[in-house]
Each structure stands twice: as C-alpha cells, then as structure tokens.
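Hi everyone, thanks for making time for this. Let me put the sequence and the structure up on the screen, and then we'll walk through them together.

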Amino acid sequence: QVHLVESGGGLVQPGGSLTLSCKATGIVFARATMEWHRQAPEKSRELVAITTSGGSTNYADSVQGRFIISRDNVRRRLSLQMNNVKPEDAGVYYCSTTWSGRTFWGQGTQVTVSS
C-alpha cells in the first residue's frame, strides 16, 4: 500500500526559509517520479516542483530560483527547500507520485507566510 506523509510545514516570515519533507512507502522510491504540489485557499492545486528517478528537476516559474526539490533514495524521502518565501507561497503542500497507473497524494502540510 502506498503512503506519502508530509511534514515540516508551519509559519514562516516573508523572506524566510522552510524545508518540507515527504516520506514514501509502498513504492520503489528510487524509480519513482516525485512531485510537490500546493493549493492556496480558493485556488486550484498547482505543480510546484518535480524530480525524476534520474534526478532531473523542474520547477514552476513562480518558484524557480527560490525552491529546491531533492530526494534521498536510501531514506525514501522527498524534500522541498523553500527560500526567500513570499506571501503567495502560502498554502497546503502535497507530495505526489504516480505508481502502477495510479496517482497517490499525501495528506498535505500547511505553510503559512506571515510577519
């Protein structure tokens, strides 16, 4: 059974940093493309960053140069380092993967941006 569990959300000041983590079980993590998405209030969920099994990464334009997605294949952990956080980065962050033809989501972790 696939489980994705996010952690690390919280309150961060504008311009600050925060690191999110996602622990994955039930998949061969090293072979999986992993993604971070976010959803702000009254907005659609959007893709933030993606990392492939080969280690390639891609980012939404809105976070390019500020966020870093990384993976630890030994610990089966996905991370999102958020730097120079802006108010518009607030929302619930989800990790996601598509495995065996199904897309799985974690429960999400809340990021609040406020001074």
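Strands themselves are DSSP runs of E, at least two residues long, numbered from the N terminus. Please keep in mind that this is a predicted model, where local features need pLDDT of at least 70 and side-chain atom pairs count only at pLDDT 80 or more, while totals for chains, interfaces and linings use all residues. Residues are numbered from 1 along each chain as its sequence is written, and side-chain values use heavy atoms, with hydrogens and water left out.

Let's start with β7 and β8. Asp72 has Arg77 in β8 as its bridge partner. The two strands run antiparallel and are joined by 6 bridges. On β7, the covered face carries Phe67, Ile69 and Arg71, whereas Ile68, Ser70 and Asp72 sit on the uncovered one.

Now zoom out to the sheet. Four strands form an open, antiparallel sheet in the order β1-β3-β8-β7. At the edges, β1 (3–7) and β7 each pair on one side only. Between β3 and β8 there are 6 bridges, again antiparallel, and Leu18 stands opposite Met82 in β8.

What about the inside? By a nonpolar core I mean buried Ala, Val, Leu, Ile, Met, Phe, Trp, Tyr and Cys residues joined through side-chain atoms within 4.5 Å. Buried is under 20% relative accessible area, exposed is over 50%, and partly exposed is in between, using a 1.4 Å probe and protein chains only. The largest such core has 28 residues, and Trp36, Leu80 and Tyr93 touch the most other members. Of the strands, β3 gives the most, with 4 residues. Counting contact as heavy atoms within 4.5 Å, and setting aside neighbours within four places in sequence, Leu80 meets residues including Leu20, Trp36, Val48 and Tyr93.

Asp89 lies in the loop between β8 and β9. Its side chain reaches the backbone nitrogen of Lys86 at 2.7 Å. Beyond four places in sequence, the contacts of Asp89 include Arg38, Arg66 and Met82.

Note on methods
A polar contact is a pair of N or O atoms within 3.5 Å; within protein, one must be able to donate a hydrogen and the other to accept it, and residues adjacent in sequence count only if both atoms are side-chain atoms. Two strands pair if DSSP finds at least two bridges between them.
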